[in-house]
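Have a look at the sequence and the structure first.

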Amino acid sequence: MKKKNDIYLLAIESSCDDTAASIIKNGEILSNIIVKQDDHAAYGGVVPELASRVHQQHISIAVDKAMIEAKVLKKQLNAIAFTRGPGLLGSLLVGVNFAKAMALALDIPIIEVHHMHAHILAHFAEEPKPSFPFICLTVSGGHTQLVKVISPYTMELLGQTIDDAAGEAFDKTGKLLGLPYPAGPQIDKRAKLGKAIYEFPIPKIDKLDFSFSGLKTAILYFVQRSVKKDPNFVKEHINDICASVQNTIVEILLLKLEKAALQENVNQIAIAGGVSANSELRTRFLELCTKNQWTGFVPAFQYCTDNAAMIAVAAHYKYLESDFATQDITPDPRLKF
Amino acid sequence: MFDHILHIKEEDELEQIADLVLSNYPDHKLILLHGALGAGKTALVKRFLKSLAYDGMVQSPTYGIVNEYNFLNDEVEEKVFHIDLYRINHVSELVEFGFEEYLMQDARVFIEWPDIGSDYYPEEHIEIHLSLDGDKGRKISIKANRKH
């Protein structure tokens, strides 16, 4: 039975490769479904056009599963939320149009959610939840951002990458080392078997911004030099190279996170986004928190990578403010923070 | 076949490359950038945008495929598309994200990993090939293709 004041929302996320749907009741996640797009590994990356087609095939399945697992009926829904951007246009279109059509049929409002805001608000999917204000380092394949979170509605961008995202740095350096896609988890796995004995430069970037493109070039030269001496060098030392690359990326991220926390004098610190699933980043982040006497927040794995539960949490806050979108809304691949 | 071949030692010298192309070929609106991962394609586009008087941030377009910049250059409105076809595997995907429409607009267009789009390029365009050169440097080869 639906009580008068219960708030049930369906949330849809389709900004990149996976299709996801989630049901949230009064701010509590009831289901969190991700339909993976495994075809990608064969192509060595996310294939944009393929992505949008597969989203079309997967979206009904994802929504059905989310409703069934949550034991929620369509007529119980109060609103439908979707990722408006940033992301790939073709992929976003599938989610936005599905949400609009379903809401129109059910005669309920729609809620637009910013993908990067949602990554941060994933911290409110379950306990422990940070208190405001807190600093969040959001790291994924397409983004690297340092954000001061003042409330669920007010966030201030303190710094961001000036070239490649951290996830892109993992993917591209992995490719330079001949690892299969996605290279992030591969580097993580191999790094555990190796030691960070090679040094790559830490870029000197102003303020709270990041840079990862120089690392690519440094690794390119490193590989070239080493292979000249010993053609099997990369193959034989892959674990140590991976450990060194990962160590450098984590170092670049945490140096700026520490700087941001000290500058803003905030002691509630969080990480979010797909790259926060990286085991070394998680471990060293928590060590940094202990050292500085911060309270550190790391989301559960299922809330790190792209998921619809985080869209649902963000939507719940918007629902409380009656912050709805109109039916003429369109996706925005480069949606501003 | 190349019109210019240059060797640079430092990243800062990319500015000369951008200035050379912009002053010698002001009407060539399409610039294709060839080179391996880490060769400096995005870094060079960054220099081009700086030489065109854009002072904001230039991020990698790999994830989002197209980055768009609109700004004033000497009181003239300038539109720039920075496109990366790295993640495009099939020609049919170009249509999906509106590749042709980007090329048809009155804008300066920079394209990284341009090979897969070769059927769509007008005759008049610049090709820039970047490669590693020696211990720290880069070799940059430039070819200006003209209308026949």
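Buried area is the accessible area, taken with a 1.4 Å probe, that two parts lose on being put together, summed over both. The size of an interface is often given in this way. Keep in mind that this is a predicted model.

## Where the chains meet

The area buried between chain A and chain B is about 2,500 Å². Carbon and sulfur atoms give 54% of that area. On the chain A side, 29 residues are in contact with 30 residues of chain B.

What polar links cross the interface? Eleven residue pairs of chain A and chain B are in polar contact, both residues at pLDDT 80 or more.

Which helices of chain A supply at least two residues each to the side that touches chain B? They include α1 (48-70), α4 (166-176) and α6 (213-229) of chain A. The largest share of this side comes from α6(A), with six residues. By class, the side of chain A that touches chain B has ten nonpolar, nine polar and ten charged residues.

α6(A) lies across β6 (125-133) and β7 of chain B. It runs at about 55 degrees to β6(B).

## The sheet of chain A

Strands of a sheet pair through backbone hydrogen bonds, either parallel or antiparallel. Chain A has an open sheet of five strands, in the order β8-β7-β6-β9-β10, with mixed pairing. β8 (155-160) and β10 (295-297) of chain A stand at the edges. Each has a single partner strand, so one side of each is left without a neighbour in the sheet. Neighbouring strands of the five-stranded sheet of chain A are turned by 20 degrees against each other on average, direction ignored.

β7(A) and β8(A) form a hairpin, with five residues between them. In this pair, A:Val149 stands opposite A:Met155 in β8(A). Elsewhere in the sheet, A:Thr138 has A:Ala272 in β9(A) as its bridge partner.

A helix covers several of these strands. Helix α8 (residues 238-264) of chain A lies across β6, β7 (144-149), β8 and β9 of chain A. It runs at about 160 degrees to β6(A).

## The sheet of chain B

Chain B has an open sheet of seven strands. The order is β1-β7-β6-β2-β5-β4-β3 of chain B, again with mixed pairing. Its edge strands are β1 (4-8) and β3 (66-73) of chain B, and each pairs on one side only. In this sheet of chain B, the twist averages 20 degrees from one strand to the next.

B:His7 stands opposite B:Lys139 in β7(B). B:Leu32 stands opposite B:Glu127 in β6(B). B:His125 stands opposite B:Asn145 in β7(B).

β6(B) and β7(B) form a hairpin with three residues between the strands. There, B:Gly134 takes a positive phi near 70 degrees.

## Strand pairs side by side

| Strand pair | Sense | Bridges |
|---|---|---|
| β6(A) and β9(A) | parallel | four bridges |
| β7(A) and β8(A) | antiparallel | five bridges |
| β1(B) and β7(B) | antiparallel | five bridges |
| β2(B) and β6(B) | parallel | four bridges |
| β6(B) and β7(B) | antiparallel | nine bridges |

Terms used
Residues are numbered from 1 along each chain as its sequence is written. Chains are lettered from A and ligands numbered from 1 in the order in which they are written. This is a predicted model: local features need pLDDT of at least 70, side-chain atom pairs count only at pLDDT 80 or more; totals for chains, interfaces and linings use all residues. Side-chain values use heavy atoms; hydrogens and water are left out. Contact means heavy atoms within 4.5 Å. A polar contact is a pair of N or O atoms within 3.5 Å; within protein, one must be able to donate a hydrogen and the other to accept it, and residues adjacent in sequence count only if both atoms are side-chain atoms. Ala, Val, Leu, Ile, Met, Phe, Trp, Tyr, Cys and Pro count as nonpolar, Asp, Glu, Lys and Arg as charged, and the others, Gly among them, as polar. Two strands pair if DSSP finds at least two bridges between them. Axes are lines fitted to C-alpha atoms, for helices over the stretch in contact, and angles run from 0 to 180 degrees between N-to-C directions.
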